[in-house]
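Hi,

Here is the structure I promised to pass on to you. Have a look at it first, and then read my notes below.

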Amino acid sequence: LTVMLSNRPLREVEVTLPAVPASARRARLLIERMMREAGVEGDRKFDAELAVGEAVTDAVEHALKLGSTEFVLRARRRAATLDVDVLDQGMWEPAEEIPEHVDPLADRGRGLMLMRALCESVRLERTPDGTCVRLEVALG
């Protein structure tokens, strides 16, 4: 991973990260910077970081199951939203509703539920190469 620091506000980023749990922190830091530079603080910024962290955790889990070593994070700040894509090599189709067997107080199985609660829009798309989770977070 090569990082170049700039004084200019970060409006768009695409980075390939290793499929390791520590990558969730890297992704959250990028999102935190983009939200802060957009003037978004407090709960809204935290919500964006948490939603992206959940999507990245899923991507890491998919990669590890398939023997992949990386995933891609893309983020673009628009006038009113931050659009984030997390692309992995997994092939999954989550249920639209929370299955009855998922305990809402359990440590696992709540990622999609959290993303939907914290974002304006969550889309899951299958691509020829895997899965893309698309998040749209309001800046205001």
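Cys119 counts as buried because its relative accessibility is 8%; buried means under 20% relative accessible area, exposed means over 50%, and partly exposed is in between, using a 1.4 Å probe and protein chains only. Cys132 is buried too, with a relative accessible area of 1%. How many disulfides does the structure hold? The number is 0, where a disulfide is a pair of cysteine sulfur atoms within 2.5 Å. In general, a disulfide is a covalent bond between the sulfur atoms of two cysteines.

Before you go further, please keep in mind that this is a predicted model: local features need pLDDT of at least 70 and side-chain atom pairs count only at pLDDT 80 or more, while totals for chains, interfaces and linings use all residues. Residues are numbered from 1 along each chain as its sequence is written, and side-chain values use heavy atoms, with hydrogens and water left out.

Now for the overall picture. The protein chain has 3 helices and 5 strands; these are DSSP runs numbered from the N terminus, with helices being H or I of at least four residues and strands E of at least two. Read from the N terminus, the order of elements is β-α-α-β-β-α-β-β. Of the 140 residues in the protein chain, 41% are buried. Among contacts with a separation of 6 or more, 63% involve residues 24 or more positions apart, a contact being heavy atoms within 4.5 Å.

The 5 strands form an open, antiparallel sheet in the order 1-2-3-5-4, and two strands pair if DSSP finds at least two bridges between them. Strand 1 (12-18) and strand 4 (121-127) are the edge strands, each pairing on one side only. On average, neighbouring strands of this sheet are turned by 15° against each other, direction ignored; axes are lines fitted to C-alpha atoms, for helices over the stretch in contact, and angles run from 0 to 180 degrees between N-to-C directions. Helix 1 (residues 22-37) packs on the sheet and touches strand 1, strand 2, strand 3 and strand 5 (130-138). The direction of helix 1 makes about 170° with that of strand 1. Helix 3 (residues 111-118) lies across strand 4 and strand 5, at about 130° to strand 4.

Strand 2 (residues 70-77) and strand 3 (residues 81-88) pair in the antiparallel sense over 6 bridges, and they form a hairpin with 3 residues between them. In this pairing, Arg77 has Leu82 in strand 3 as its bridge partner. Strand 3 also pairs with strand 5 in the antiparallel sense, over 8 bridges, and there Asp85 stands opposite Arg134. How many of the 8 residues of strand 3 are buried? The count is 7.

Asp88 belongs to strand 3. Asp88 is buried yet has no salt bridge, which would need a side-chain nitrogen of Lys or Arg within 4 Å of a carboxyl oxygen of Asp or Glu. The nearest side chain of opposite charge is Arg126, 9.2 Å away; Lys and Arg count as positive and Asp and Glu as negative, with His and the chain ends not counted. Leaving aside neighbours within four places in sequence, the contacts of Asp88 include His62, Phe71 and Thr131.

Val133 counts as buried, at 2% relative accessibility. Its C-alpha atom is separated by 9.5 Å from that of Val52, 81 residues apart along the chain.

Best wishes
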